[in-house]
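Subject: Structure handover

Hello,

Here is the structure you asked to look at. My notes on it follow below.

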Amino acid sequence: MITINELYCKGCGYCIKFCPRHILEMGKERSQKGHFYPVNINEEACTSCAICALMCPEAAIEVTAKEG
Amino acid sequence: MPSYKRPGALLPMSTGYCPGCLHGLATRLVADAIEELNQQKNAINVVSVGCSALNLYSWCGDDIGAAHGRAPAVATGIKRCLPDRLVFTYQGDGDLAAIGLAEIMSAANRGENFTVIFANNQTYGMTGGQMAPTTLVGQKSTTTPYGRDPVTTGYPLKMCELISVLEAPVFVARYALNSPKGVMDAKKGIKKAFELQLAGKGFTFVELLTNCPTNWGMSPLATLDYMNTNTVPYFVPGVYKDKEGGKQ
Amino acid sequence: MEKRFMKGCEAIAEAAVRGGCRFFAGYPITPQNEIPEYLSKRLPEVGGVFVQGESEVASINMVYGAAATGTRALTSSSGPGISLKAEGISYLASAQLPAVIVNISRGGPGLGSIQPAQSDYLQATKALGHGGFRAMVFAPATLQEAVDLTYNAWEYAERDRGPVLILMDGCLGAIMEEVELPEMKVLNYDNTEDWCLARVGGREDSHMITPILPELALEMLNKFKGMTYKMWEMADVKVEEYMLEDAEYVVVAYGIAARVAKEAINTLREEGFKVGMIRPITLYPFPKASLDNLDYNQVKGIIDIEMTVPAQMRDDIELQVKGRCPVHEYGRSGGILLDDEGVYGAISDIVKGGA
């Protein structure tokens, strides 16, 4: 499960680039700060590898392992 | 299954960095290490001058601001008086490799028991992108508008290589933050440096190759590719010295 | 009280240790080398730390770091080195950290000469660093006074949280005199004040010491500092007033110059001339009242005697005299010592010539 805190996110896109499953893409809405931020387009495919969180310069992404 | 939580050692606020700036990532890696070693109340961050100083408000624990380039001297004073605290400096390349070259080399040579985190983005970011001591040959900056010319400005300084030839330092390593592999290695390296310090082993130095989308004039994603093609081949990542691990 | 026959630099160093100094960082420069040399041996005996810095700049920044831990920290140098330390001293002022800096001054400007001079008055009192701050400046004239001022210097530095300067010339640093050494101060370092980095395990809330502040906070700090300086003028001025009651001529001199001048004044008194002296012990805060309150119906002239040319204290003197009598100056410079004949001659010319 990926949670992206849009208040921290500045829309650099590193998470999108490095997601091995390509399940993120840049959203169409802007955050309060005026940045576009990524959205999860395929949650089912997420393996909770946390590479998105690893590469996030703003510590805006938290990942919780899936049950089971 | 892996999971990741924003470290509590990082205060709940946005960094002061531009979008895609790897300073932010480096800041978080330090916070990860502080938290994993349970040093939230024991860490003292010696803040330098430049964009590196923007993380003054990032970490829990105590912070102290140092003059430009002098963080290793300030850290020397602190660590000698408070040997039980986890003391680290976080410095950029202008701060560490130009104006503070004497301080870093001498602190390393004395084997001061603190850790230096060196963020190398090859530019003076805070002042608007002038040539840094680490700016690559041919790289443009506001003071090398035709690209850095080694005939008049010399070559980019390789700090890990310089410091690893000294006797005293116990751990000297360089990591590139433009790939997941590099970031994972960096995370381990920072933690190892802190552990060595806490064990009283001596001077530890971790160089992190970072970027500057704003002053390089590139999108964040383009800087990562630029680093792959230009920065990483010149500033080769790796462990340059690991006394405990037998690498002299 | 323990009596010892000591050299000036060593007496200061011992007084610092007894005053609680447990950290020293410095860089070799003549004529103050006996201070680091003495402390490199002495500080380890009392559990203190001695570091020979790679530069003056590094040394003052080590002191900045040590001071941030609540440790009483000291550095010493001479004019050229104090110039290099200016950055760090300014940062101490900005971060509100206490530290003591000793300047055993020599001939200037530039590398100047290694012989004694009082050439750093303006630097000490007006601009120890950038940004417009002041430090209390003590200028002893005897080694006993140097010992006593050094011993208590941290009390002022910690009370007002900033740098304190002890300004002595190379002559006082090198001479030997008998001094009474005070008892070793016992400090409770566990009970660290809330302005410094905690000694063990940190605090619940993180603590930040910063030399950079948002504009409004910086202005507030500067206003507060301004009030502190006013307080110093009211409460902390130290001055020796010598034979002023009936004086028609008043010598103003500090440190070694005052000692030489006093000899001349005594001789002139024996000859029947009414000469007195104001000797500032704190150069900042300057003893304004002593000069302002002179009876200018009686005083015919002020003579500023300094071991530097041109005189540097003169501006401060004239601001208080306010044109009510002529101000004269006499000095030697470049590392040439003031001597009895020269100083006597200069004062006597003015007194006897009725200038």
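Where chains B and C meet

The contact between the two chains takes 26 residues from chain B and 34 residues from chain C, where two residues are in contact if their C-beta atoms, placed from the backbone, lie within 7 Å. This is a predicted model, in which local features need pLDDT of at least 70 and side-chain atom pairs count only at pLDDT 80 or more, while totals for chains, interfaces and linings use all residues. Residues are numbered from 1 along each chain as its sequence is written, and chains are lettered from A and ligands numbered from 1 in the order in which they are written.

On the side of chain B that touches chain C, the elements giving two or more residues are strand E2 (62-65), helix H2 (71-81) and helix H4 (101-110). Helices (H or I, at least four residues) and strands (E, at least two) are DSSP runs, numbered from the N terminus. H2(B) gives the largest share of that side, 8 residues.

E2(B) also pairs with strand E9 (residues 208-209) of chain C, in the parallel sense over 2 bridges; pairing requires that DSSP finds at least two bridges between the strands. B:Asp63 has C:Met208 as its bridge partner in E9(C).

Chain B as a whole

Chain B has 9 helices and 9 strands. Its C-alpha trace spans about 50 × 40 × 35 Å along the principal axes. Among contacts in chain B between residues at least 6 apart in sequence, 68% join residues at least 24 apart.

Regards
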